[in-house]
Amino acid sequence: MSVLPIRPASPTALAGRTVIVTGAAAEIGGAYVRAFTATGANVVAVDLLRTARQALAVTREATRTGPGRALFAPADVTSEADWRLVVERSVAEFGGLDVLVNNAAVYRRIGAKRPLTELGVEEWDHVFAVNVRGSWLGIRAVAPVMADLGGGCVVNVSSVVGRVGAVGFAHYVASKAAVEGLTRAAARELGDQHIRVNVLAPGLVDNEASRALNTGSYLDSSAQARALSRPMQADDLVGPLLWLASPAAAFVTGQTVIVDGGQVFA
Ligand SMILES: NC(=O)c1ccc[n+]([C@@H]2O[C@H](COP(=O)([O-])OP(=O)(O)OC[C@H]3O[C@@H](n4cnc5c(N)ncnc54)[C@H](O)[C@@H]3O)[C@@H](O)[C@H]2O)c1
């Protein structure tokens, strides 16, 4: 197998690339979209149609600050048909497809933490449909196109809870562990096509979704448990994500990069 040439790790190494970010309407996804357009990459920002107002605010702001452009592609990541349209649109609008960030998830919409004995089958299946099937369908949709274009890269967003467990949302925890398994399988299968697949595993981010699901004291104690003991922001994830997506990480695949200020060493 030939090895992709290693290109300089400059901040502009993603300029002109086409990036799909799912779950783009929320705070973390929005930070990813803005970070990519700031490098000069063009972004297809995917989220459910019901988030159109927030998603369009994200894409307008990211395009305004540029230099890359962002557009909103309403889609449900559990739908094969929607993925076909997203991929077609990426190639049609921006002339390529280089990076997929599988960030969409059922997290905030879990509602409230509950013992696993109280979870229902339908909610379990829905969390897996979005978090796991959605990530797999995304990889399945982009892989042939990336392969035809000479290669690409996928970053699946999991969570440290998939490694260490957490109380109150077993379906979510299990789904994030599954995302890591999917990543390793895909990295092995797609390496020959020059497609890298890695995981970005955030710790607890101090955002709207986490504040809806956790008490303030839980967020505080989590921040205190870190080697770098402060609350984590969406922007703390941006540097590691850009690195994973960039040619600087050209020989990194099948790996999990934990970004949590030094709480979980696993
Ligand atoms: N917030 C945290 O503390 C934290 C910690 C670790 C990992 N993560 C992960 O980071 C990512 C972003 O988290 P967040 O806090 O923004 O979560 P969130 O629940 O606020 O946002 C998730 C986004 O995904 C979108 N989405 C949900 N179902 C979808 C579907 N079927 N199709 C398309 N889009 C869909 C939602 O509309 C929303 O915009 C998730 O993968 C989450 O698991 C978050």
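Okay, let's start with α9: its buried residues pack against α1 (27–38), β4 (99–102), β5 (152–157), β6 (195–202) and β7 (256–259). Keep in mind that this is a predicted model. So which residues of α9 are buried? In this helix, residues 238–245, they are Val 238, Leu 241, Leu 242, Leu 244 and Ala 245. They sit on the same side of α9, because the arc they cover around the axis is only 160 degrees.

Now on to the next pair of helices. Helix α3, residues 80–94, packs with helix α4, residues 121–148, at an angle of about 40 degrees, and their axes are 10 Å apart. That angle makes α3 oblique to α4, and the crossing of α3 past α4 is right-handed.

Who meets whom there? On the α3 side we have Glu 80, Trp 83, Val 87 and Val 91. Facing them from α4 are Gly 134, Leu 137, Gly 138, Arg 140, Ala 141, Val 142 and Val 145.

Is Ser 90 buried or exposed? Ser 90 counts as buried, because its relative accessibility is 0%, and the cut-off for buried is under 20%. And what is Ser 90 in contact with, leaving aside its neighbours within four places in sequence? Those contacts are Thr 18, Ile 20, Val 44, Gly 95, Gly 96 and Leu 97.

Note on methods: Residues are numbered from 1 along each chain as its sequence is written. This is a predicted model: local features need pLDDT of at least 70, side-chain atom pairs count only at pLDDT 80 or more; totals for chains, interfaces and linings use all residues. Side-chain values use heavy atoms; hydrogens and water are left out. Axes are lines fitted to C-alpha atoms, for helices over the stretch in contact, and angles run from 0 to 180 degrees between N-to-C directions. Helices (H or I, at least four residues) and strands (E, at least two) are DSSP runs, numbered from the N terminus. Angles under 35 degrees count as roughly parallel, over 145 as roughly antiparallel, 65 to 115 as roughly perpendicular and the rest as oblique. A crossing is left-handed if the near helix is turned anticlockwise from the far one by less than a right angle, and right-handed if clockwise. Contact means heavy atoms within 4.5 Å. Buried means under 20% relative accessible area, exposed over 50%, partly exposed in between (1.4 Å probe, protein chains only). The arc is that of the directions from the helix axis to the C-beta atoms.
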